Amino acid sequence: MALEAYRSKRNFAATAEPRGRTPHEMSDMFVVQKHDATRLHYDFPLALDGVLKSWAVTRGPSLIPGEKRLAVAVEDHPLEYTDFVRIAEGEYGGGSVIVWDRGAWTPIGDPHKGLKKGQLDFELRGQKLRGRWHLIRMRAKPREKRENWLLIKGDDEFARPAGTTDILDERPELVKTGGSIDDLVGESPGSPSKTGKTEKERTHAAAAEPGSRTLTRATPDPSAVEGVSKQPLPGFVEPMLATLS
Ligand code: MN
């Protein structure tokens, strides 16, 4: 019963999270979900045996092999969880979730032995995270209830030297829509994207250029046109048709 702990923590009448099917599906998917809960963290699930083996990486992954990131083991999650984006406020784990990276993973060696031994070596083929990675279980402190692991980048061509830009700062965008988490906050429906240019901006840009055509969006005033008089609207206006030429 791999999902027992997961289900016992949630009220499925209140949360939209999936209950999870009986594990049967084979998958080699991995996801990194940026989870803005009580404390911002990155959920890091790896699909194995039809469920998601999951860790909560408190500071997120790093491409610098010397940067060991604390990864707290959490209960197995259902596979459908990777498509899930928001947990209701007040529910377990409430806050917004964005898919920060996704792709496929390949264990190096037997993953079951690795999980038991406390050293899982694997390769990621995501949009942001690639190459070799390691999850190393730390020795448990007395009365420590959590299982603490370290997520460490393997030293390969996808690794970065110490002092280089943090991948989390460099690529904050979602993998699904290409926007960043901030773009979704406080945006009113139908308003132009914060990342795109609005009509107004474009008009200003054109007007600022000397000799350029100014695009006026304001309704023209017909009474300003010479020789016109105010008339009632005609009952029928003949449409202008295309002429074969
Ligand atoms: Mn989480």
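Let me start with a term: helices (H or I, at least four residues) and strands (E, at least two) are DSSP runs, numbered from the N terminus. With that in hand, Pro18 is found in the loop between helix 1 (4–8) and strand 1, and I'll come back to that loop.

Before that, some housekeeping. What we have is a predicted model, where local features need pLDDT of at least 70, side-chain atom pairs count only at pLDDT 80 or more, and totals for chains, interfaces and linings use all residues. Residues are numbered from 1 along each chain as its sequence is written, and side-chain values use heavy atoms, with hydrogens and water left out.

Okay, the overview. The chain has 5 helices and 9 strands. Reading from the N terminus, the order of elements is α-β-β-β-β-β-β-α-β-β-β-α-α-α. There are 245 residues in the chain, and 38% of them are buried. By buried I mean under 20% relative accessible area, with exposed being over 50% and partly exposed in between (1.4 Å probe, protein chains only). The chain exposes about 16,000 Å², and 54% of that comes from carbon and sulfur atoms; those areas are from the Shrake-Rupley method with a 1.4 Å probe, and for residues only the protein chains shown count as cover. As for contacts, meaning heavy atoms within 4.5 Å, take those with a separation of 6 or more: 54% of them in the chain are between residues 24 or more positions apart.

Now the strands. I'll say two strands pair if DSSP finds at least two bridges between them. Start with strand 1, residues 29–36: 7 of its 8 residues are buried, so the rest of the structure largely encloses it. Which strands does it pair with? One is strand 6 (residues 95–107), antiparallel over 8 bridges, with Met29 opposite Ala104. Another is strand 2 (residues 40–48), also antiparallel, through 5 bridges, and there Asp36 stands opposite Leu40. Strands 1 and 2 make a hairpin with 3 residues between them.

Carry on from strand 6 and you get to strand 7, joined to it by 5 bridges and running antiparallel. Trp105 has Leu124 of strand 7 as its bridge partner. Strand 7 then pairs with strand 8, antiparallel over 7 bridges, where Leu120 is partnered with Leu135. That is a hairpin too, with 3 residues between the strands.

On to the metal. Which atoms hold the manganese ion? The protein donors are His35 (ND1), His41 (NE2), Asp43 (OD) and Asp43 (OD), lying 2.2 to 2.7 Å from the ion. A donor here is an N, O or S atom within 2.8 Å of the metal (3.2 Å for Na, K and Ca), and water is not among the atoms, so sites may look incomplete. Along the chain, the donor spacing is H-x5-H-x1-D. His41 counts as buried because its relative accessibility is 15%, and Asp43 is buried as well, at 16%.

Next, the inside. In general, nonpolar side chains tend to be buried together in soluble globular proteins. What I call a nonpolar core is a set of buried Ala, Val, Leu, Ile, Met, Phe, Trp, Tyr and Cys residues joined through side-chain atoms within 4.5 Å. The largest one here has 23 residues, and those with the most contacts inside it are Phe44, Leu46, Trp55, Phe122, Leu124 and Leu135. Strand 2 gives the largest share, 4 residues. A second, separate core has 9 residues, including Met29, Leu79, Tyr81 and Val175. Back to Leu124: leaving out residues up to four places away in sequence, its contacts include Phe30, Phe44, Leu46 and Trp105.

Now Arg69, in strand 4 (residues 69–78). Is Arg69 buried or exposed? Buried, because its relative accessibility is 4%. A polar atom of its side chain lies 3.0 Å from the backbone oxygen of Gly60. Beyond four places in sequence, Arg69 also touches residues including Trp149, Asp166 and Leu168.

Finally, back to that loop. Pro18 is buried, at 15% relative accessible area.

Methods:
Polar contact = N/O pair within 3.5 Å; in protein donor to acceptor, adjacent residues only side chain to side chain.
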